[in-house]
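User: I have a model open on my screen and I'd like to learn how to read it. Can you take me through it feature by feature?

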Amino acid sequence: MSRIAIIIAADEPALVFASLAQAERALEPVDVTEGVYPAAYGPGGEPYAITTDGISVRIAPADRPPQPGALLALLCQLLKDDGQDPGPNPDLPDLRRRCARFLPVSRGCR
């Protein structure tokens with residue numbers, strides 16, 4: 001099973017990717033500029049910043065403390081929006097495992 005490297009808050013409510021490079025290729029610079037992605041987290045709630053130069057997207061660690069509670073809420077919402085019950089006391093490892101099915105399928109090099 002693939003592992004989630006980054007979770008990005010969006011209007012979906014979230015996008016999950018197996019690598020930062022994969023996420024950088026998938027996100028549209030115009031969407032970054034328009035604020036479509038308000039937050040991004042590593043697997044333990046480590047915050048990431050998403051920026052663009054108008055041509056490419058860059059995702060890098062942000063200089064802020066981890067926010068595991070915010071990540072937990074985002075993953076719970078992702079499951080709820082998919083019609084799944086996250087359960088009464090979900091934890092991050094279980095939620096990440098359950099949300100790994102949302103990872104995009106690799107279709108070769110871009």
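User: Let's start with contacts. Leaving aside its neighbours within four places in sequence, which residues is Leu-95 in contact with?

Analyst: Contact means heavy atoms within 4.5 Å. On that rule, and with neighbours within four places in sequence left aside, Leu-95 is in contact with Leu-72, Leu-75, Cys-76, Leu-79, Pro-86 and Pro-90. One thing to keep in mind: this is a predicted model, where local features need pLDDT of at least 70 and side-chain atom pairs count only at pLDDT 80 or more, while totals for chains, interfaces and linings use all residues. Residues are numbered from 1 along each chain as its sequence is written, and side-chain values use heavy atoms, with hydrogens and water left out.

User: Is Leu-95 buried or exposed?

Analyst: Buried means under 20% relative accessible area, exposed over 50%, and partly exposed in between, using a 1.4 Å probe and protein chains only. Leu-95 has a relative accessible area of 0%, so it is buried. You'll find Leu-95 in helix H4; helices here are DSSP runs of H or I with at least four residues, and they are numbered from the N terminus.

User: How do I describe the way H3 and H4 pack?

Analyst: Two packed helices are described by the angle between their axes and the distance between the axes. Axes are lines fitted to C-alpha atoms, for helices over the stretch in contact, and angles run from 0 to 180 degrees between N-to-C directions. Here, H3 (residues 68-81) and H4 (residues 92-99) have axes that come within 10 Å and cross at roughly 40 degrees. The crossing of H3 with H4 is left-handed, as the near helix is turned anticlockwise from the far one by less than a right angle.

User: Which residues of H3 and H4 meet?

Analyst: From H3 come Pro-68, Leu-71, Leu-72, Leu-75, Cys-76, Leu-78 and Leu-79, and they meet Leu-92, Leu-95, Arg-96, Arg-98 and Cys-99 of H4. By class, that contact has 10 nonpolar, no polar and 2 charged residues. For the classes, Leu, Cys and Pro are among those that count as nonpolar, and Arg is among the charged ones.

User: What does the side chain of Arg-98 have 3.3 Å away?

Analyst: A polar contact is a pair of N or O atoms within 3.5 Å; within protein, one must be able to donate a hydrogen and the other to accept it, and residues adjacent in sequence count only if both are side-chain atoms. A polar atom of the Arg-98 side chain lies 3.3 Å from the backbone oxygen of Pro-86. Arg-98 has 19% relative accessibility, so it counts as buried. Not counting residues up to four places away in sequence, Arg-98 touches Leu-79, Gln-84, Asp-85 and Pro-86.

User: How many disulfides are there?

Analyst: A disulfide is a pair of cysteine sulfur atoms within 2.5 Å. The structure holds 0 of them.

How values were computed:
Helices (H or I, at least four residues) and strands (E, at least two) are DSSP runs, numbered from the N terminus.
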